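Student: I would like to learn how to read a structure, one feature at a time. Where do we start?

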Amino acid sequence: MVYAGVQGGIADTDSQLLEMAHVYRLPLITRLRYIWLPGIFPSFCESALPPWVCAGKSGVSAEVIGLPDHSVGDALYRAKITLSTPDVFAWTLVIVLLSALLSTVAARLLRAVKARLCGEVQA
Amino acid sequence: MSIVIENLCKSFGTHAVLQSFCWTVDRPMVLMGASGCGKTTLLRILLGLETADSGTVTGVVTPAVVFQEDRLCPQLTAVDNLVLTGHGLTAAQARSDLRSLGFTEADLRLPAVRLSGGQKRRAALLRALLCQTPKRC
């Protein structure tokens, strides 16, 4: 998903700006910073956020299988095998809240980086 | 310093745009011709944006061009755009020249995307005029 997003961003990078950079002989680092990154980063952000959120949930799933001490997955598993329904719901709620928090933090972080790299060009 | 073009040939598929084109540019000149006769292709070869099929071009040292479009980095201010391509141009000099072209302090703080069409055009023109020889190519 991220690969496809970055690939799309590369394809969408402004070819007219790249020609301008070629004519004015801008160094590679300058081209990367001011032309390629602002072209690629918005697509990267859009494609990176869903996998980021999925990664958190996958982590909890892995904890349910591996049962590391003091983990959310371990607690959820123990609640399940002891038939403690309130605990199962409570831990599920914790997972949902953690997932929402993680996605919010990720979205804000990416938005801040995007604003720094791309200015107000890309919404 | 003259720009010397010798036996320049360029084709797009079976369509030959330039055939053994020779020209010496030793003073300011105007290139005119019918639509599709190869003016843009010739200029793009001079700027290094196209490769000629054969022939030679000598004397193009520091190309600077005002494109049909403004081609300013939209997220950067006009000053930053000028400094970016200026190869040693200082921000103070760029700011001073932009002010003399009617940019206000508020305009100088705006990213290029928010400048008016006329301001972008002036910035693009100034970029070509202020372009200096790069230290490294």
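Tutor: We start with pockets. On a 1 Å grid over the protein atoms alone, a pocket is an open set of points with protein on both sides within 12 Å along at least five of seven lines, whereas a cavity is a set of points where a 1.4 Å probe fits but cannot get out. Lining residues have an atom within 4 Å of a point. Grid points are joined across faces, edges and corners, and a volume is the space filled by probe spheres set on the points.
This is a predicted model, where local features need pLDDT of at least 70 and side-chain atom pairs count only at pLDDT 80 or more, while totals for chains, interfaces and linings use all residues. Residues are numbered from 1 along each chain as its sequence is written, chains are lettered from A and ligands numbered from 1 in the order in which they are written, and side-chain values use heavy atoms, with hydrogens and water left out.

Student: Which residues lie nearest the centre of the largest pocket?

Tutor: B:L43, B:L46, B:L47, B:A64 and B:V65, out of 30 lining residues. The space in this pocket is about 860 Å³.

Student: Which elements give two or more residues to its lining?

Tutor: Elements are DSSP runs, numbered from the N terminus: helices (H or I, at least four residues) and strands (E, at least two). Here they are α2 (15–23) of chain A, with β2 and α1 of chain B. The largest share, five residues, is from α1(B).

Student: How does the lining divide by residue type?

Tutor: Ala, Val, Leu, Ile, Met, Phe, Trp, Tyr, Cys and Pro count as nonpolar; Asp, Glu, Lys and Arg as charged; the others, Gly among them, as polar. The lining has 20 nonpolar, five polar and five charged residues.

Student: What order do the strands of the chain B sheet have?

Tutor: Strands of a sheet pair through backbone hydrogen bonds, either parallel or antiparallel. Two strands pair if DSSP finds at least two bridges between them. This open sheet runs β2-β1-β3, with antiparallel pairing. β2 (15–25) and β3 (54–58) of chain B are at the edges with a single partner strand each, so one side of each lacks a neighbour in the sheet.

Student: How many bridges join β1(B) to β3(B)?

Tutor: Four. B:V4 has B:T58 as its bridge partner in β3(B). Between β1 (residues 3–12) of chain B and β2(B) there are seven bridges. B:L8 faces B:F21 there, and B:K10 stands opposite B:L18. Their hairpin has two residues between the strands, and B:G13 takes a positive phi near 65°.

Student: Which side chains meet in a salt bridge at 2.7 Å, N to O?

Tutor: A salt bridge is a side-chain nitrogen of Lys or Arg within 4 Å of a carboxyl oxygen of Asp or Glu. Here B:R44 meets A:E19. The pair crosses between chains, from helix α1 of chain B to helix α2 of chain A. Over all chains the count is nine.
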